[in-house]
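Trainee: I am new to this structure. Could you walk me through how to read it?

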Amino acid sequence: TVSLKGGQEYELPTDPNWEFCREKLQLGSYLGEGAFGEVKLGTADGIVEKGIVSTVAVKSLKKQHTDAEMADLISEMETMKELGKHVNIINLLGCCTKGGDLLVIMEFAENGNLRDYLRNNRHHFLYETPNKNPNNAPALGHEILDIDPVINTSSEDDVVSFKDLMSFAYQVARGMEYLVQKKYVHRDLAARNVLVSSHKIVKIADFGMTRFANDYYRKKSDGRVPVKWMAPETLFYRIYTIHSDVWSYGILLWEIVTLGGTPYPSMPDVSKLLEFLKEGRRMTQPPNCPTELYLIMRDCWIEEPEGRPTFSDLVEDIGRILSIAS
Ligand code: ACK
């Protein structure tokens with residue numbers, strides 16, 4: 001059931017392929033809230049396999065939601081149904097549409113979003129890049145980091161190495177390659193929308209803005225606007241294509257290599273950013289970022305959308321850096 005403004009109730013058509021019995025779902029603590037929904041931890045009995053209780057993440061609408069927010073959650077649910085399964089995408093497990101609020105049940109990623117994960121692990125970062133001696137690797141830029149990096153050599157799971165960073169980048173490119181194959185445009189690719197599961201597996205999430213790509217998608221109204229991740233054609237003409245996702249992926253690479261830095265760190269406001277991009281300027285090479293990685297970012301930020309690499313190119317290019325990283 002979904003409630004419309006003015007107290008009307010609307011019964012969603014039940015999808016027998018995905019409907020999950022509400023009684024078998026237990027909601028737990030609050031994980032956080034996104035642009036329009038809230039997400040809770042939960043357990044679902046038999047959602048993956050009969051007799052097995054799985055930990056899940058459950059998205060629902062906030063109490064005071066607009067009709068547009070409801071449409072976004074329904075759209076996210078439908079997109080996830082269509083997308084099918086991929087290891088680098090948060091998979092839909094089921095939904096509750098009957099006899100209560102709409103609940104969208106997804107895989108749970110235990111380490112939260114990639115941006116916060118990287119920020120929280122800055123003190124555990126190992127300075128080893130393919131062409132640098134770890135013993136005298138320079139500190140990451142303090143204007144971006146605000147911290148004194150510590151070299152930590154504790155066990156595998158507690159540390160994040162350069163290879164891990166490249167693995168995250170590679171996995172996101174793989175997930176995006178899959179999205180392309182399914183003909184979807186994500187439209188909100190950013191480290192905050194990538195989740196970290198166990199064993200350093202990362203998964204693209206937040207399909208609330210994702211749309212089926214019929215050549216290009218022109219958004220009618222602004223809504224929430226992740227300006228610093230947007231390609232020029234999106235900022236100036238509201239055109240979203242897989243090429244604008246590639247631009248955002250370049251920003252995501254920048255976020256990864258700066259361990260969760262905020263893009264355009266010294267850009268005070270949107271109008272300055274528009275001016276900056278109009279002049280053809282781009283972010284500079286971050287400290288500790290190998291040149292070959294920076295060149296990939298720069299390719300993602302080529303003005304002409306068609307001139308940017310494809311996600312398959314990126315899988316190959318990042319894969320090459322990953323294969324030589326220690
Ligand atoms: O950034 P976070 O820690 O990770 O806070 C947001 C919040 O819920 C609203 O989106 C978290 N979240 C969303 N989906 C999942 C999921 N499948 N697994 C774990 N956390 C999730 C997200």
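Trainee: What percentage of the residues in the protein is buried?

Mentor: Some ground rules come before the number. This is a predicted model, in which local features need pLDDT of at least 70, side-chain atom pairs count only at pLDDT 80 or more, and totals for chains, interfaces and linings use all residues. Residues are numbered from 1 along each chain as its sequence is written. A residue is buried if 20 or more other C-beta atoms, placed from the backbone, lie within 10 Å of its own; it is exposed if 12 or fewer do, and partly exposed in between. By that rule, 37% of the 326 residues in the protein are buried.

Trainee: How many helices and strands are there?

Mentor: Helices (H or I, at least four residues) and strands (E, at least two) are DSSP runs, numbered from the N terminus. The protein has 9 helices and 13 strands.

Trainee: Which residues touch the most other members of the largest nonpolar core?

Mentor: In soluble globular proteins, nonpolar side chains tend to be buried together. A nonpolar core here is a set of buried Ala, Val, Leu, Ile, Met, Phe, Trp, Tyr and Cys residues joined through C-beta atoms within 7 Å. The largest one has 78 residues, and Ile 105, Ala 169, Val 172 and Leu 253 touch the most other members. Helix H4 (residues 162-181) gives the most to this core, with 10 residues.

Trainee: What is Leu 253 in contact with, leaving aside its neighbours within four places in sequence?

Mentor: Two residues are in contact if their C-beta atoms, placed from the backbone, lie within 7 Å. Leaving those neighbours aside, Leu 253 meets Ala 169, Leu 293, Ile 296 and Met 297.

Trainee: Which residues of helix H9 are buried?

Mentor: An α-helix has 3.6 residues a turn, so residues three or four places apart point the same way. In H9, the buried residues are Phe 311, Leu 314, Val 315, Ile 318, Ile 321 and Leu 322. Seen down the axis of H9, they fall within an arc of 135°, so they line one face of the helix. The arc is that of the directions from the helix axis to the C-beta atoms. On the other side of H9, Ser 323 and Ile 324 are exposed. The buried residues of H9 pack against H4, helix H6 (242-257) and helix H8 (291-300).

Trainee: What is the order of strands in the open sheet?

Mentor: Two strands pair if DSSP finds at least two bridges between them. The open sheet has 5 strands in the order E3-E4-E5-E7-E6, with antiparallel pairing. E3 and strand E6 (92-96) stand at the edges, each with a single partner strand, so one side of each is left without a neighbour in the sheet.

Trainee: How many bridges join E3 to E4?

Mentor: There are 6 bridges between E3 and strand E4 (residues 37-45), which run antiparallel. One partner of note: Leu 27 is bridged to Gly 42 in E4. E4 and strand E5 (residues 53-61) pair over 9 bridges, with Gly 37 standing opposite Leu 61 in E5.

Trainee: Why does E3 lie largely in the open?

Mentor: Strand E3 covers residues 25-33, and the number buried among its 9 residues is 0, so it lies largely in the open.

Trainee: Is Lys 278 buried or exposed?

Mentor: Lys 278 is exposed, with 11 other C-beta atoms within 10 Å. Its place is in helix H7 (residues 270-278).
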